[in-house]
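Reader: I have the sequence and the model open side by side, and I would like to go through them with you. Could we take it one topic at a time?

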Amino acid sequence: MLILKNITKEYTVGDEHIRALRGIEIAFRENEFVSILGPSGCGKTTLLNIIGGLDKYTAGDLSINGRSTRDFSDRDWDTYRNHQIGFVFQNYNLIPHQTVLANVELALTLSGVSKAERRRRAREALEKVGLGDQLNKRPNQMSGGQMQRVAIARALVNDPDILLADEPTGALDTQTSVQVMDILKEVANDRLVIMVTHNPELAERYSTRIVRLLDGRITDDTNPYDGAPEENRPSRTNEKPRHHSMSYLTALSLSLNNLMTKKARTFLTAFAGSIGIIGIALILSLSSGFQNYISRVEEDTLSSYPLTIESESVDMTSLMQTMMGAVQPGGKEHEDGYVYSNNIMSEMMNAMAAEVQSNDVAAFRSYLEDEENGVQALVNDIQYSYDVNLNIYASDTSDGVVQVNPSTIFEKMGGAMSKSPMGSAASGNLEAWQELLDNQTLLASQYEVLAGKWPDAWNEVVLIVDQDNEITDLTLYSLGLRDQSELTGLMQAAGRGETLDTEEMQFSYDELLAMSYRLVLDTQYYEYDEASGAWLDRRGDEDYMKALLDACPEIRITGIIRPTEEAVATAMTGSVGYTHALVEHIIRETNDSAIVRAQQQDPETDVFTGLPFAGGTEEPADPAEFDPSALSEEEQAYLATLSEEERAALLAEYAKPQTSEASYEGNLAALGVADLASPSRISIYPVDFESKEALVDLINRYNREKTDAGQEEAAINYTDYVGLMMSSVSTIINTISYVLIAFVAISLVVSSIMIGIITYISVLERTKEIGILRSIGASKRDISRVFNAETLTVGFVSGMLGILVTVLLCIPVNMLIKALANISNVAQLPWAGGVILVAISMLLTFIAGLIPSRIAARRDPVVALRTE
């Protein structure tokens, strides 16, 4: 039941107050067909809008089923329009970018009806008005009568209590008008229909009640009603309807359909919005690429220059300062007329002796391996080295015993060459066998496997070639791949000034993978001699060495690796890489050998000579017990030539106890004995420069802790080969970061302003749609949601378009950088960065669209419906 009590409506236009309705008093039955007649400007449409909740009265009261609307909130009015009111407009007011079915369904989406139920009820409503076969047409594909019937179906689909029709036949011809009026008359059988019209004939023909208005007042009512309950007329419903908000999917569908009706403009808008994203994405691609390149340079460089801690080390910084001070001229005053010596060598030796420091590497190892210190996260590897020899020989002894490591190549080239400074330096750089880092990820990033596989066992190694698949001839000689006997001839030819010409060799992968070597421990060179009770060095016995090599374990080449094109520096400088497991095997086998056990069981006696070590309690021999007859005839003749003093001195020398000049510790070191818990050197390979700085801080903290505990001697001295590189690299990285931030800030500001303007234009274009949505019960929040969905859609398309264009642009950019700097694949947009940029694009458009969407939500629905 609908009752209006003394309803007044006033408008303010400038300084003028216009009273559109003046004390309207009227009550409506629950089902009747009421026509409101009157001249233009008399207040008919205003009255209809107030009844429909589109406009608010200034004074009086509107009662709905006995409930006053004076205290209705916006939410209550929205619910009222959605559940109890259906609007039919003169100009149809269909949403042009929606299908007929979608237009009718729209009211149900605001009612919380499920999709299946919504579709069913919309179809039924369209079938009732004779449009069951027009479901998928657009409004612009239909006639005026058909569009008005769609409007009626939309008004009826939610089964409202009241149907309001504002000039429903005003834009139709006579025949179509009759059809529409027949539908309205049928609808009025079970609900209240209120129609505003200028046509008194239609009103007389179809209405059950005619109300006439003039100057905002009711002048006539053909069938007045006092509001009293009517007998035998059951109420449709007294239940308070619940309000449901528009779903995000519905808002997205409305926005997407609207954008698709303007494909060209939508694309241009999205492309314009993507320009900022393209700029940021390109910067991010280059930034990420160069940062990855710098990180790779750092990682590769630091894999060659670790932080080194040795059991005995020299403070190179202090030593260099001493040497620099010694050679600086002008530091001393001398008397003219003389030349003075500058004792650089003696001062350097003194400085070296003074700067030698001992490090407790065993204690520091325990500190590094303590998980609480967080070292593992900062390093690619920590390599522990020991004073053990890696004695490697060629397996094939048919042409003699060939030692490949340590290299003897310069000995083959002649004594003069091996003793020269160049020969000594080159020999030091010719150690072809090198321990691999225990970081497979880093190795895999620096090397590619050409054939075979990485080592798995202690006796497996890999052969390392350069990027051109080459190995130097010096390495070939040192590895036994070329005959070392050629070197003597080469040196002789070079001495005669002859041109040297050696044959270029090539090896198949299978040939190289079939190669093997033999590992000989230092202890295996010695054999126990029963007669002397000492262990004799048998290295000079070729037959012994051949038999030994046949019995020694085999070292096999299981893979051939090559530096990758992206590797700036590599962790390996040798030609054969072995694992730390080989070192551990050597130490365990050496420590368990017979000669080592013999030396450890008798620490007072030199196992190599059978003599006691010096410093013991040996008794001197008695000179009187000397028997000259035990000497040879030559020795006896020599004694006869000596004077008494010379003879006494010789006998005194004889009386001295015989001892070994060696030491127990020296013998163990010569045999290669080592303790796995106490390395001679620790090499720490940081992940990057920041990690290196963190490691330096950690070492300094360790030293402070020891110093504070009064253990200054336990402080660690280390060597940092790349410390001077830090400041310049950090400066470059920071500068690039600041420039990128500036670019990003400008791009973001421009994109935000542009998106805000475009969204506001969309609000202006869709003003009438706003009025339509409000008329069917959409709340202000629902309107905001529609435009927010549109901005998010534009933002998503802009972001995706920007990412796509950036990916395409990265191709020529990478080609250009490759041509100019020979750096491959620098411009690479990380997938996470792409996702974040799309999210940023959507966020920016959402923020930029907040103000326009709020403007849209605050639009007066009455004014919005009048907009063309």
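Reader: To begin, how many aromatic pairs does the structure hold?

Author: The structure holds 10 aromatic pairs, where rings of Phe, Tyr and Trp (its six-membered ring) pair if their centres lie within 6.5 Å, with planes under 30 degrees apart counted as stacked, over 60 as edge-to-face and the rest as tilted. This is a predicted model, in which local features need pLDDT of at least 70 and side-chain atom pairs count only at pLDDT 80 or more, while totals for chains, interfaces and linings use all residues. Residues are numbered from 1 along each chain as its sequence is written, and side-chain values use heavy atoms, leaving out hydrogens and water.

Reader: Why is the pair F72 and W77 called edge-to-face?

Author: The ring centres of F72 and W77 are 5.0 Å apart and their planes stand at 70°, so the pair counts as edge-to-face. F72 and W77 are both buried, meaning under 20% relative accessible area, with exposed set at over 50% and partly exposed in between (1.4 Å probe, protein chains only). Together with Y80, F72 and W77 form one aromatic cluster.

Reader: Changing topic, what is the strand order in the open sheet of six strands?

Author: The order is β6-β7-β8-β3-β9-β10, with mixed pairing; strands are DSSP runs of E with at least two residues, helices are runs of H or I with at least four, and both are numbered from the N terminus. Two strands pair if DSSP finds at least two bridges between them.

Reader: And which strands stand at the edges?

Author: Those are β6 (85–88) and β10 (217–221), and each has a single partner strand, so one side of each is left without a neighbour in the sheet.

Reader: How many bridges join β3 to β9?

Author: Four bridges join β3 (residues 32–37) to β9 (residues 209–214), and the two strands run parallel.

Reader: What does the side chain of E435 make a polar contact with?

Author: The partner is the side chain of H580, at 2.9 Å. A polar contact is a pair of N or O atoms within 3.5 Å; within protein, one must be able to donate a hydrogen and the other to accept it, and residues adjacent in sequence count only if both atoms are side-chain atoms. E435 and L582 are 147 residues apart in sequence but 8.9 Å apart in space, C-alpha to C-alpha.
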